[in-house]
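Hi there,

Here is the structure I promised to pass on to you. Have a look at it first, and then read my notes below.

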Amino acid sequence: MLWTAIENRRMIRQLYHGRIRILEPHHHGILNGSVQLLAYQVDGSSSRRLPNWILMKADEIIDLELLDQNSPGGRPTASGKHLKWDTLFIRVQPVTDRPQAGSA
């Protein structure tokens with residue numbers, strides 16, 4: 001389901017560490033030896049101010065649900081740096097079909 005959400009730029013709802021989270025999933029792969037998901041949390045419960053990035057261990061995600069909402073695709077990071085994944089299964093693609101400013 002994570003693969004489908006990332007490939008189709010779909011939002012997800014899930015329970016992680018006792019909190020309901022609404023997320024834009026971005027990267028799914030192996031990081032530091034464990035399968036993880038990097039997502040941009042836009043709503044739900046969090047101990048940090050939202051929206052914000054969250055890195056989650058996939059085996060600790062409960063009640064994953066694919067939502068009807070689309071996510072905007074790739075987002076820039078505050079630092080401009082990306083994680084160095086051991087193995088990256090899938091990465092959300094940036095939206096490239098948006099018209100450029102000044103183009104006809």
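Gln41 sits in strand E3, residues 34-44 (helices, H or I of at least four residues, and strands, E of at least two, are DSSP runs numbered from the N terminus). This is a predicted model, in which local features need pLDDT of at least 70 and side-chain atom pairs count only at pLDDT 80 or more, while totals for chains, interfaces and linings use all residues. Residues are numbered from 1 along each chain as its sequence is written, and side-chain values use heavy atoms, with hydrogens and water left out.

Gln41 is buried because its relative accessible area is 1% (buried is under 20%, exposed over 50%, partly exposed in between, with a 1.4 Å probe and protein chains only). Not counting residues up to four places away in sequence, Gln41 touches Ile20, Leu23, Pro51 and Asn52, among others (contact means heavy atoms within 4.5 Å). A polar atom of the Gln41 side chain also lies 3.1 Å from the backbone oxygen of Asp43.

Two of those partners deserve a look. Asn52 belongs to strand E4, residues 52-57, and is partly exposed at 26% relative accessibility. Asn52 and Tyr40 are 12 residues apart in sequence, yet their C-alpha atoms are 5.7 Å apart in space.

Lastly, the backbone: Asp63, in strand E5 (residues 61-70), has a positive phi near 55 degrees. Asp63 is exposed, at 56% relative accessible area.

Enjoy exploring!

How values were computed
A polar contact is a pair of N or O atoms within 3.5 Å; within protein, one must be able to donate a hydrogen and the other to accept it, and residues adjacent in sequence count only if both atoms are side-chain atoms.
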